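Please look through the model shown here. The paragraphs below go through selected residues and ring pairs.

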Amino acid sequence: MTTHTEPEPDVEPLLDVFKALANPVRLQVLRWLRDPVRHFPAERAIADPVEVGVCVTHIQEKTGLAQSTVSAYMAELQRAGLVRATRVGKWTHYKRDEARIAEFVAVLGRTL
């Protein structure tokens, strides 16, 4: 007989991250953002991609997906705490949240 138990408190954030990473495009975008200078056109950037992040337009162009889809994907990564959004004028830029990613890895190590 199986019993259903509620997740432990530190497991909930793990579940959100796993859900966000379960999509191959979101996972790829997170990998690209690890080295934004290598993966995105620096000459077209309106802000420093390392300090501020990469414009959602450039992420959309690289994925080839609709802007609304990319925005939804980035919102999911943001809700999971994997990226931070910064507005520069009318544009939203995304950058990995390295502290939160390190925290996720630490919780994962303690949990599994």
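In which helix is Ile101 found? Ile101 belongs to helix α6, residues 98–111; helices (H or I, at least four residues) and strands (E, at least two) are DSSP runs, numbered from the N terminus. This is a predicted model, in which local features need pLDDT of at least 70, side-chain atom pairs count only at pLDDT 80 or more, and totals for chains, interfaces and linings use all residues. Residues are numbered from 1 along each chain as its sequence is written, and side-chain values use heavy atoms, with hydrogens and water left out.

Ile101 has 13% relative accessibility and therefore counts as buried (under 20% relative accessible area; exposed is over 50%, partly exposed in between, with a 1.4 Å probe and protein chains only). Leaving aside residues up to four places away in sequence, Ile101 touches Leu30, Leu82 and Arg96, where contact means heavy atoms within 4.5 Å.

The structure holds 2 aromatic pairs (rings of Phe, Tyr and Trp, its six-membered ring, with centres within 6.5 Å; planes under 30 degrees apart are stacked, over 60 edge-to-face, the rest tilted). Phe18 and Phe104 form an edge-to-face pair, 5.7 Å centre to centre with 80° between the planes. Because Phe18 lies in helix α1 (residues 12–21) and Phe104 in helix α6, this pair ties together parts 86 residues apart in sequence. Phe18 is partly exposed at 40%, whereas Phe104 is buried at 14%.

The rings of Trp32 and Phe40 have centres 6.1 Å apart and planes at 85°, so this pair is edge-to-face. Trp32 is buried at 14% relative accessibility, and Phe40 is buried at 7%.
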